Amino acid sequence: MAIQFYACIALLCFEIAICTVCVLPLPIAWRRRALEGLSKLWNQYPRARIVTKVTMAAMVGLLIDALYGVYRTNYTMTNPDAVHAIGRDQEFNLELMKQERNAFLAAFILFLFTLIYRFQAMVESVVLLENTIATNDEKSSVQQQEYLQLVKEKERLVQICEERGVPLPPSVQYKEEPIINPAPTF
């Protein structure tokens, strides 16, 4: 096994650990904290993003190399014109197994990276939506307070007009509609 595939195995172990934390039946707060840490690492440190992208590009290169090795070994084994392959089936089968192992290893690393990236992107969007909801709740409570203040001023204006015997202005003559749950709660 080439030295680069030892690094691939270390990366695979790291990715498996992250995926395990994401899918274990741990409290959601713990899983979310881990994914928020990944999201923070991805978004706040551009060098980490660059290193990750370069590593994944190297994985794509290793996958292509391994797939080519599988094709080359398989072609050599099954080519009827290859006289040098006679009696070397065991050697070619071993080489084919190594190339297939390397291809599966690189493909699984890329799959897990995609999975982890989607997990952290989902957590990032959930945090963004929660912040938006909190902002909207604050705005709606302020608007509700302003509305209640306007209703009180209208009642005071109606009372003053009735005391003085003055007709109500046209803007005050509409009927008041009750507010039905102005701020949605989640």
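1. Start with valine 127. In this predicted model, valine 127 sits in helix α4. Its relative accessibility is 25%, so valine 127 counts as partly exposed. Leaving aside residues up to four places away in sequence, valine 127 touches Arg32 and Glu36. Glutamate 36 is 91 residues from valine 127 in sequence. In space, the C-alpha atoms of valine 127 and glutamate 36 are 8.8 Å apart.

2. Now take leucine 94. This residue also belongs to α4. Leucine 94 has 45% relative accessibility and therefore counts as partly exposed. Look next at threonine 73, which is 21 residues from leucine 94 along the chain. The C-alpha atoms of leucine 94 and threonine 73 are separated by 9.8 Å.

3. Consider helix α4 as a whole. The helix runs over residues 89–164, which makes 76 residues. From first C-alpha to last, α4 reaches 110 Å. That is close to the 112 Å expected at 1.5 Å a residue.

4. What does the overall layout look like? The protein has 4 helices and 0 strands. Along the sequence, the pattern reads α-α-α-α. There are 186 residues in the protein, and buried residues make up 25% of them. Consider the contacts between residues at least 6 apart in sequence. Of these, 70% join residues at least 24 apart.

5. How do α1 and α4 pack? Their axes are 9 Å apart, at an angle of about 35 degrees. The crossing of α1 past α4 is left-handed. On the α1 side, the contact residues are Phe5, Cys8, Ile9, Leu11, Leu12, Glu15, Ile16, Ile18, Cys19 and Cys22. On the α4 side they are Asn102, Leu105, Phe108, Ile109, Leu112, Phe113, Leu115, Ile116 and Phe119. By class, the contact of α1 with α4 has 17 nonpolar, 1 polar and 1 charged residues.

6. Next, the pair α1 and α2. Helix α1 covers residues 3–23, and helix α2 covers residues 28–44. Their axes lie 8 Å apart, and the packing angle is about 140 degrees. α1 is therefore oblique to α2. The two helices make a left-handed crossing. From α1, the residues in contact are Ile18, Val21 and Cys22. From α2, they are Arg31, Ala34, Leu35 and Leu38. The contact of α1 with α2 divides into 6 nonpolar, no polar and 1 charged residues. Note that Ile18 and Cys22 of α1 also take part in the contact with α4.

7. Last, α2 and α3. Are these two helices roughly parallel or roughly perpendicular? Helix α3 spans residues 46–78. The axes of α2 and α3 come within 5 Å and cross at roughly 95 degrees. Angles of 65 to 115 degrees count as roughly perpendicular, so that is how α2 and α3 stand to each other. In α2, the contact residues are Leu41, Trp42, Asn43 and Gln44. They meet Pro46, Ala48, Arg49, Thr52 and Lys53 in α3. The contact of α2 with α3 has 4 nonpolar, 3 polar and 2 charged residues.

Definitions and conventions
Residues are numbered from 1 along each chain as its sequence is written. This is a predicted model: local features need pLDDT of at least 70, side-chain atom pairs count only at pLDDT 80 or more; totals for chains, interfaces and linings use all residues. Side-chain values use heavy atoms; hydrogens and water are left out. The expected span of a helix is 1.5 Å times one less than its number of residues. Axes are lines fitted to C-alpha atoms, for helices over the stretch in contact, and angles run from 0 to 180 degrees between N-to-C directions. Angles under 35 degrees count as roughly parallel, over 145 as roughly antiparallel, 65 to 115 as roughly perpendicular and the rest as oblique. A crossing is left-handed if the near helix is turned anticlockwise from the far one by less than a right angle, and right-handed if clockwise. Contact means heavy atoms within 4.5 Å. Ala, Val, Leu, Ile, Met, Phe, Trp, Tyr, Cys and Pro count as nonpolar, Asp, Glu, Lys and Arg as charged, and the others, Gly among them, as polar. Buried means under 20% relative accessible area, exposed over 50%, partly exposed in between (1.4 Å probe, protein chains only).
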